[in-house]
Amino acid sequence: MLVLQALGSNGSGQLGLGHTDDVSTPQPVLLPSDLFTTTNSNSTEPSDQHPQPKLLSISAGGNHTLLLFSSGILLWSGDPTTGACGRVEPTPPTSADTPGSSPPAPRFRPVDLTPLPEDVRRNVSLVTATWEASIIATSSLPTDKVYSFGSGAKGELGLGPGTLRAGEPTLIPNFPALGTKVVHLAACMGHVVAVLSNGEAWGWGNGRKGQLGEPAVGVVYSPRRIEGVDFKVAKAVCGREFTCLFGPPESGEVLVLGSDKWGVKSQAPKMVKGWKEVGAGWGSVYVLKEDGTLLSWGRNDHGQMAPEDLGRVRAIAVGSEHAMALTDAGDLMAWGWGEHGNCGPICGPICANDGPKGQQNKIASIGPEIKIAMIGAGCATSWIALEKAPST
């Protein structure tokens, strides 16, 4: 059985804990009670015919979070007022005339996907989020489809100049091209990048610093191919004002587009062969290699760069200004800016204006009966997915 835990910033209920207080120790997330049960009305126990859905991804916007499961179920928690959580039933008003009334406790609920064609509602394959918008891709034949919802004054929705808000999943027209698949989605505060099966990268949103390629324009309202890339793109990561494109692990090409603030471009290696996972914060990039080494470059004023004493690393998760690593020793380490408790209890030196700086914490460890199946990080939020190890 999956147990999802979260810690960090929670002022909008984006952790789904049933309250809106920040927390600095991992707390269990509230998931729908029927998420892991079968559709068989005679049984509430998982079966071989109805295997438990696996958590595929954790995507965090500024104040909302999306969870995608292998069953195609997409869940949300956080601030729904931007539209980034899709259509939400209005909350009854709270007043003295209705004693005891209160908004529902923050918890994860299914995203309303009824605006999608019925045959693709359970085929959501990829999810990402900007500050106030959500973008999903669905596996469809012969061409994948991309939908967006939420708010995007800088073109984050990809729906053209006439649409700055979409309260429900809305199809981005004529994208991708016929017969093309979307293999990866990435986003940061104000821009989105999609990697296609033909090796192209397309982007939309804020392009003022050239993070969406040339010409650098303030707003790219619809998907635009990123030109000038001389290799097939396998993956992309997005920072606040930059995009980092990666070629396949066997060739390892690296190209950073956009702002060079914090040296994110000038410090970047031209090639990283054998990469396993990649991630980006607002001003930094991380590359986990197959041999367990973790590379990082960019902003380090809050201790965001990877510590040298991690040892071999199995998995990483990168948030806005912090990161986490699961080590071969079974420890989950967090470091960077942790003012909201996203790096664990605050115990390090404090900057005058910016909270904890350079703090490194062990926030979880693998036990003999529990394994860490996934880790995630967002805007001052951290996530740990635990699974009971199979009995021998």
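Predicted model: local features only at pLDDT ≥ 70, side-chain atom pairs only at ≥ 80, totals over all residues.
Glu321 and Arg299 are joined by a salt bridge, and their closest N and O atoms are 2.9 Å apart. Glu321 sits in the loop between strand S21 (313-318) and strand S22 (322-327), while Arg299 sits in the loop between strand S20 (294-298) and S21, so the pair ties together parts that are 22 residues apart in sequence. Are these two residues buried or exposed? Buried means under 20% relative accessible area. Glu321 has 5% relative accessibility and therefore counts as buried. Arg299, at 18% relative accessibility, also counts as buried.

Good morning. I began with one pair of residues, and I shall now describe the chain as a whole.

The chain has 28 strands and zero helices. Of its 392 residues, 53% are buried. The chain exposes about 17300 Å², and carbon and sulfur atoms supply 51% of that area. Among the contacts with a separation of 6 or more, 49% are between residues 24 or more positions apart.

Let us return to the salt bridges. How many does the chain contain? The count comes to 11 salt bridges. One of them joins Asp328 and Arg312, with the closest N and O atoms 2.8 Å apart. Asp328 belongs to the loop between S22 and strand S23 (331-336), and Arg312 to the loop between S20 and S21, so this pair ties together parts that are 16 residues apart in sequence. Asp328 has a relative accessible area of 34%, so it is partly exposed. Arg312 is partly exposed as well, with a relative accessible area of 47%.

Lys362 and Asp331 provide another example, their side chains meeting in a salt bridge at 3.7 Å, N to O. Lys362 lies in strand S26 (residues 359-365) and Asp331 in strand S23, so to speak of this pair is to speak of distant parts of the chain, 31 residues apart, that are linked. Asp331 is buried, because its relative accessible area is 18%.

I turn next to charge on the surface. Which residues gather in a patch of positive charge there? They are Lys154, Lys209, Arg240 and Lys261. Lys209 is found in the loop between strand S13 (201-206) and strand S14 (219-225). With a relative accessibility of 36%, Lys209 counts as partly exposed.

The loop that holds Lys209 is also the place of Pro215, between S13 and S14. The peptide bond leading from Glu214 to Pro215 is cis, with omega near 0 degrees. A cis peptide bond also runs from Leu141 to Pro142, again with omega near 0 degrees. Pro142 lies in the loop between strand S8 (133-138) and strand S9 (145-151).

Asn174 is not a glycine, yet it has a positive phi of about 60 degrees. Its place is in the loop between strand S10 (165-171) and strand S11 (182-187), and Asn174 is exposed, with a relative accessible area of 79%. Trp262, likewise not a glycine, has a positive phi of about 70 degrees. Trp262 lies in the loop between strand S17 (254-258) and strand S18 (275-280) and counts as partly exposed at 35% relative accessibility.

Ala234 lies in the loop between S14 and strand S15 (235-238) and is partly exposed, with a relative accessible area of 29%. What does Ala234 touch, if residues up to four places away in sequence are not counted? Ala234 touches His184, Val195, Phe246, Gly247, Pro248 and Trp275. Pro248 stands 14 residues from Ala234 along the chain, and their C-alpha atoms are separated by 5.3 Å.

Ser284 is located in strand S19 (residues 284-289). Its relative accessibility is 1%, so Ser284 counts as buried. Leaving aside residues up to four places away in sequence, Ser284 touches Phe242, Gly279, Trp297, Gly298, Arg299 and Met305. This list brings us back to the opening pair, for Arg299 is the partner of Glu321 in the salt bridge with which I began. Thank you for your attention.

Notes: Residues numbered from 1 in each chain as written. Heavy atoms only, no water. Patch = residues over 30% accessible without salt bridge, like charges linked within 9 Å, V, L, I, M, F, W, Y side chains within 5 Å. Areas by Shrake-Rupley, 256 points an atom, 1.4 Å probe, with all protein chains shown as cover. Salt bridge = Lys/Arg side-chain N within 4 Å of Asp/Glu carboxyl O. Lys, Arg positive; Asp, Glu negative; His and termini not counted. Charge placed at Lys NZ, Arg CZ, Asp CG, Glu CD. Helix = DSSP H or I, 4+ residues; strand = E, 2+ residues; numbered from the N terminus. Buried < 20%, exposed > 50% of the residue type's maximum accessible area, 1.4 Å probe, protein only. Contact = heavy atoms within 4.5 Å.
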